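Here is a short report on one protein model.

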Amino acid sequence: MKKLPIGVLLSGSGTNLQALIDRIADGSLAADIVLVISSRPDAYGIERAKAAGLDVLVLNREAYVDVEAADRRIVDALKQAGAEYVVMAGYMRMVTSVLLNAYENRVVNLHPALLPSFRGAHGIQDAWDAGVKVTGVTVHFANAEYDKGPIIAQRPVVVREDDTVDTLEARIHNVEHELYPQVIQLIAEGRVSVGDDGKVHIA
């Protein structure tokens, strides 16, 4: 089947980028990462991208002084690279309408909790502090409201009695590395759509 051209946005270590790279390499993900964009020049994800021979655009704090201008630059780079979908993999910047309108219902995000619970940048810690017995991972389309876009897939992670926040975080990340490539594969197969009801439907 035709490979889905994607752009990946990251800000940190790039473990979810690596999961995508690995699944593409083993043939279980029919995607082509045409560009990796980092919001930070010290992000280790840049090294992962370069090791895989991927094109990389590196931004810095100064680039985000005008966030819409930064997103225009990102959109231009993604379009030039031929990206049809945008995959956020630990991207710690709020995207603006510039990017969301250019890729409407095609900006995919990953959140380490079961949305709508524990939105925001500290989903794992917040779930831990709340004492929930089940948390998990959500993959959703990004929209103008932070962590409120249409949900594509979720997978629960049980909080064990012997867990620490660190062991819970490690298991959540393991689930992310499984679920994210699976969802991108569903998109590549053309099976994911957003209906008139605003909800995601999977054929």
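Strand 1 (4-10) is mostly covered, with seven of its seven residues buried. Buried means under 20% relative accessible area, exposed means over 50%, and partly exposed lies in between (1.4 Å probe, protein chains only). Both faces of strand 1 are covered. L4, I6, V8 and L10 are buried on one side, and P5, G7 and L9 on the other. In a regular strand the side chains alternate between the two faces of the sheet.

The model is predicted: local features need pLDDT of at least 70, side-chain atom pairs count only at pLDDT 80 or more, and totals for chains, interfaces and linings use all residues. Residues are numbered from 1 along each chain as its sequence is written, and side-chain values use heavy atoms, with hydrogens and water left out. Helices (H or I, at least four residues) and strands (E, at least two) are DSSP runs, numbered from the N terminus.

Which strands flank strand 1? Seven strands form an open sheet in the order 3-2-1-4-5-6-7, and the pairing is mixed. Two strands pair if DSSP finds at least two bridges between them. The edge strands are strand 3 (56-58) and strand 7 (151-158), and each pairs on one side only. From one strand to the next, the twist averages 20 degrees.

Strand 1 and strand 2 run parallel, paired over seven bridges. L9 stands opposite I37 in strand 2. The chain reaches strand 2 from strand 1 through helix 1, and this β-α-β crossover is right-handed. Right-handed means that, with the strands pointing away from the viewer, the path from the first strand over the helix to the second runs clockwise.

Strand 1 also pairs with strand 4 in the parallel sense, over four bridges. There, the bridge partner of I6 is Y85. Strand 6 (residues 134-141) and strand 7 pair in the antiparallel sense over seven bridges. V139 stands opposite A153 in strand 7.

**Helices on the sheet**

Contact means heavy atoms within 4.5 Å. Axes are lines fitted to C-alpha atoms, for helices over the stretch in contact, and angles run from 0 to 180 degrees between N-to-C directions.

| Helix | Strands touched | Angle |
|---|---|---|
| Helix 1 (residues 15-25) | strand 1, strand 2, strand 4, strand 5 | about 160 degrees with strand 2 |
| Helix 6 (residues 165-188) | strand 1, strand 4, strand 5, strand 6, strand 7 | about 155 degrees with strand 7 |

Helix 5 (residues 123-130) has G123, I124 and A127 as its buried residues. They cover an arc of only 100 degrees around the axis, so they sit on the same side of helix 5. The arc is that of the directions from the helix axis to the C-beta atoms. Their cover includes strand 5, strand 6 and helix 6. Just after helix 5, G131 takes a positive phi of about 75 degrees.

**Backbone exceptions**

Most residues other than glycine have a negative phi, and most peptide bonds are trans. A cis peptide bond joins L115 and P116, with omega about 10 degrees. P116 is in the loop between strand 5 and helix 5.

F118 lies in the loop between strand 5 and helix 5. F118 is not a glycine, yet has a positive phi of about 55 degrees. Is F118 buried or partly exposed? F118 is partly exposed, with a relative accessible area of 23%.

D147 has a phi near 60 degrees, also positive in a residue other than glycine. D147 sits in the loop between strand 6 and strand 7. D147 is buried, with a relative accessible area of 7%.
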